[in-house]
Structure formats: structure tokens, C-alpha cells
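Okay, thanks for making time, everyone. I'd like to walk you through one chain today, so let me put it up on the screen.

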Amino acid sequence: HLHALCSTIAFFFLPTGPTVSGSVVRGNVGQNVTVPCLYSIEMTQGITSACWGRGSCPASKCDQTIIWTDGLKVTEQNNHRYTLKGNLLVGDVSLTIVHAEEADSGTYCCRVEVPGWFNDQKNNLDVVIEKARISTASPHTHTSEQTS
């Protein structure tokens with residue numbers, strides 16, 4: 001009964017206007033890390049502008065702006081390591097962090113501007129960039145641990 005109730009509540013609260021979702025994106029130092037952000041061109045009534053910023057999404061625009069797109073091309077880019085490599089024409093405004101660093105860890109806001117009051121799509125995403133773990137143990141050690 002509880003499962004059915006949760007499903008009903010989840011369905012009931014599906015947002016029709018602004019959406020705020022939280023998720024974690026993990027990557028390793030030196031990798032290119034893509035932080036996903038997509039929007040439906042049908043829902044926004046056409047291609048629209050979007051921004052990325054550091055920190056949670058504010059009431060409007062983006063704080064500590066990283067990048068802006070008008071939906072067709074990048075119009076503002078404050079760091080060459082932050083870029084949009086997705087297909088903007090299909091609503092893919094995912095952020096790619098080139099050669100990620102530990103300092104890139106933190107919360108990012110993707111804001112898609114939707115016509116109308118308070119309709120903007122807001123996505124808060126947590127990015128965790130870690131140093132790659134290098135094992136110093138020899139293969140023989142691993143084998144003996146597995147068989148013992």
C-alpha cells in the first residue's frame with residue numbers, strides 16, 4: 001500500500017512549470033566530464049536561451065556565470081575549459097568540463113529560460129571530481145586475497 005501511495009504522490013507532484021532536480025555527476029581529474037542538461041523544444045515553444053553558473057540556481061539568471069547560449073550558439077563563455085559540446089538545436093545544453101580539476105567540484109546550476117512567469121527549468125547538479133585511485137598492490141596479492 002505504501003508503494004502505491006508513493007507512486008501516486010510522485011505522479012501528483014510532477015511539475016508542469018519549473019523543475020528542480022538534484023543529481024550527482026562524478027569524474028576523475030584530467031578527464032572531460034559532462035554535466036547533463038536537456039530541455040524539450042516542444043515544451044519551451046522553440047529553441048531558447050540557457051545559462052550555467054556555479055552554486056544553486058538563484059531567483060533569476062545564473063550566479064557566477066560560466067556560459068550562456070541563445071539556443072543556437074554560445075554567446076558568453078568565461079572559461080575555455082567549460083564548453084557546450086551537445087547539439088543545441090535539439091535542446092542539449094549539457095556542460096562539458098575539459099580536463100577536470102578537483103577545484104571544479106561543487107554545485108552547478110543549469111537554467112533554461114522558458115517563456116512566462118517563473119517557468120524557467122532549473123537543474124541543480126552536484127559535481128564531484130576525484131583523483132584517480134591507483135592500486136599499488138601487485139597482481140599476485142590480489143589473486144591470493146581472492147582465493148584465500
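I'll go through the fold, then the disulfides, then the cores, and end with a serine and an aspartate.

Some housekeeping before that. This is a predicted model, so local features need pLDDT of at least 70 and side-chain atom pairs count only at pLDDT 80 or more, while totals for chains, interfaces and linings use all residues. Residues are numbered from 1 along each chain as its sequence is written, and side-chain values use heavy atoms, with hydrogens and water left out.

So, the fold. The chain has two helices and nine strands, and from the N terminus the order is α-β-β-β-β-β-β-β-β-β-α. Those are DSSP runs numbered from the N terminus: H or I over at least four residues for helices, E over at least two for strands. Of the 148 residues, 34% are buried, and buried here means under 20% relative accessible area with a 1.4 Å probe, protein chains only. If you take contacts with a separation of 6 or more, 56% of them are between residues 24 or more positions apart; a contact is heavy atoms within 4.5 Å.

Now the sulfurs. How many disulfides does a search of the whole structure find? Three, where a disulfide is a pair of cysteine sulfur atoms within 2.5 Å. Counting bonded cysteines along the chain, the pattern reads 1-6, 2-4, 3-5.

Take Cys-37 and Cys-110, with sulfur atoms 2.0 Å apart. Cys-37 sits in the loop between strand E2 (33–35) and strand E3 (50–54), and Cys-110 sits in strand E8 (residues 106–112), so this bond ties together parts that are 73 residues apart in sequence. Is it left-handed or right-handed? The S-S torsion is about -75 degrees, so it's left-handed. Both ends are buried: Cys-37 has a relative accessible area of 2%, and Cys-110 comes in at 0%.

Then there's Cys-51 to Cys-62, again with an S to S distance of 2.0 Å. Cys-51 is in strand E3 and Cys-62 is in the loop between E3 and strand E4 (65–69), eleven residues apart. The torsion about this S-S bond is about 85 degrees, so this disulfide is right-handed. Cys-51 and Cys-62 are buried as well.

And Cys-57 with Cys-109, sulfur to sulfur 2.1 Å. This pair spans 52 residues, from the loop between E3 and E4 to strand E8. Cys-57 and Cys-109 are both buried.

On to the packing. The largest one has 22 residues, and Val-35, Trp-52, Val-93, Leu-95, Ile-97 and Tyr-108 touch the most other members. Elements giving it two or more residues are E2, E3, E4, strand E6 (82–84), strand E7 (95–97), E8 and strand E9 (121–130). Apart from that core lies another, of five residues, including Cys-51, Cys-57, Cys-62 and Trp-68.

Let me zoom in on Val-35. Leaving out residues up to four places away in sequence, Val-35 touches Val-25, Trp-52, Ser-94, Leu-95, Ile-97, Leu-125 and Val-127.

Which brings me to that serine. Ser-94 lies in the loop between E6 and E7 and is buried, at 7% relative accessible area. Its C-alpha is 5.6 Å from that of Val-35, although the two are 59 residues apart along the chain. The Ser-94 side chain reaches the backbone nitrogen of Cys-37 at 3.0 Å, and it also makes a 2.7 Å polar contact with the side chain of Asp-92. A polar contact is a pair of N or O atoms within 3.5 Å; within protein, one must be able to donate a hydrogen and the other to accept it, and residues adjacent in sequence count only if both atoms are side-chain atoms.

Last one: Asp-92, in the loop between E6 and E7. Asp-92 is buried yet has no salt bridge, and the nearest side chain of opposite charge, Lys-85, is 12 Å away. A salt bridge would need a side-chain nitrogen of Lys or Arg within 4 Å of a carboxyl oxygen of Asp or Glu; for charges, Lys and Arg count as positive, Asp and Glu as negative, and His and the chain ends are not counted. Again skipping residues up to four places away in sequence, Asp-92 touches Cys-37, Leu-38, Gly-86 and Asn-87.

That's my tour; over to you.

Definitions and conventions. Buried < 20%, exposed > 50% of the residue type's maximum accessible area, 1.4 Å probe, protein only. Core = buried A, V, L, I, M, F, W, Y, C linked by side-chain atoms within 4.5 Å.
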